[in-house]
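Trainee: Could you take me slowly through one part of this model, the spaces and surfaces that its side chains form, so that I can follow along on the structure?

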Amino acid sequence: MLAKVMKYEFKSSARMQLPLLGVTLGFSVVVGIITLLLPRVFSFGSELAMLGGVLTFTLIPTVLTLLSGVFIAVRYYQGLVGPEGYLTFTLPVKVSTHIWGRVLVGGTWYAAAIAMTALCMWVSGAFREYAALMSGAGSDIYAELYAMVPHGQVAVLVALFVLMLLASAVTGALQMMICIALGSRFGGKAGGAVAAYFIISTVEGVAMLILMALVAAGFFAANGGFAGLDAMFSRIATEADVMAFVFTMLTWVYAICILLMVLFAVIHFFWSKHIFEKKLNLE
């Protein structure tokens with residue numbers, strides 16, 4: 001049944017997601033053509049192309065992922081507590097199957113938005129113009145930093161970053177699910193869902209900061225307080241040691257973030273499941 005739920009959800013959500021991806025790709029093609037033509041038309045065209053590339057480098061990821069997330073939330077609302085809700089919960093399908101089917105589809109669309117972001121930035125020339133800007137401003141500094149980077153730790157950090165992106169896609173989809181479920185408990189389902197989103201996001205953000213502070217305090221205590229930290233920092237003698245220390249700290253931060261995302265995802269899933277099974281209000 002999971003495959004059937006996902007197939008139906010893919011068909012329904014594609015009506016919103018595919019046009020979004022297509023329009024973004026078309027916009028990127030136009031921007032790419034313009035950035036190639038500007039240096040040939042204007043004497044200051046290179047500067048304009050660089051500015052456009054940098055703006056596109058920040059604009060496309062923000063708009064595409066934001067709209068994709070909004071469309072995912074709209075589909076959750078329509079399929080679970082909106083016009084399709086009555087039919088959804090009369091089907092001989094487990095509530096957990098409804099949840100996972102939509103979460104997997106939403107996560108897939110989110111991953112598609114990230115992949116399309118990379119493609120669009122390449123097509124639009126944003127990568128090229130951003131790289132040109134970086135090479136022109138402080139290129140020696142970037143070369144020195146690259147030489148000091150501990151490449152073995154970089155591989156671990158990149159793997160953790162990719163894993164964190166995947167975890168954020170699933171956790172984000174489940175967070176939308178619990179917000180829709182909580183919104184169904186109030187008269188204004190959409191307003192309740194939006195309020196629940198801001199409340200849950202705030203609580204989870206504070207929880208993450210508290211955990212980071214506790215980990216930092218534990219690290220401080222385990223290393224003997226200020227005296228121990230002074231001894232540890234005294235062993236960091238070169239720039240390469242500094243970079244290795246920074247990458248080690250980032251590795252721990254990424255690992256903690258992933259563990260928290262998994263914890264939040266588990267809470268969101270079972271909380272949503274409970275509401276849809278016992279407390280659902282479709283009035």
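**A surface patch, a cavity and a pocket**

Mentor: Helix 7, which spans residues 151-183, gives the nonpolar patch its largest share, namely six residues. Please keep in mind as we go that this is a predicted model. The patch lies on the surface and is formed by I114, V158, F161, V162, L163, L165 and L166, which together have about 560 Å² of accessible area. If you look for V158, you will find that its place is in helix 7, and because its relative accessibility is 47%, which falls between the limits of 20% and 50%, V158 counts as partly exposed.

From that surface we can turn to the largest pocket, which holds about 730 Å³ of space. Sorted by class, the lining has 16 nonpolar residues and seven polar ones, while no charged residue takes part.

At least two of the lining residues come from each of helix 1 (2-41), helix 2 and helix 4 (95-124). Here the classes are five nonpolar, three polar and three charged residues, whereas the lining of the largest pocket has no charged residue.

Finally, follow the chain past the end of helix 2, where V81 has its place in the loop between helix 2 (45-80) and helix 3 (85-88). Is V81 buried or exposed? V81 is buried, because its relative accessible area is 4%, and that is under the limit of 20%. V81 also shows how a chain can bring together residues from separate stretches of sequence, for V81 and A181 are 100 residues apart in sequence and yet 7.8 Å apart in space, taken from C-alpha to C-alpha.

Notes
Residues numbered from 1 in each chain as written. Predicted model: local features only at pLDDT ≥ 70, side-chain atom pairs only at ≥ 80, totals over all residues. Heavy atoms only, no water. Helix = DSSP H or I, 4+ residues; strand = E, 2+ residues; numbered from the N terminus. Buried < 20%, exposed > 50% of the residue type's maximum accessible area, 1.4 Å probe, protein only. Patch = residues over 30% accessible without salt bridge, like charges linked within 9 Å, V, L, I, M, F, W, Y side chains within 5 Å. Areas by Shrake-Rupley, 256 points an atom, 1.4 Å probe, with all protein chains shown as cover. Salt bridge = Lys/Arg side-chain N within 4 Å of Asp/Glu carboxyl O. Nonpolar A, V, L, I, M, F, W, Y, C, P; charged D, E, K, R; others polar. 1 Å grid on protein atoms, 1.4 Å probe; cavity = no way out; pocket = protein on both sides within 12 Å on 5 of 7 lines; lining within 4 Å. Points joined across faces, edges and corners; volume = space filled by probe spheres on them.
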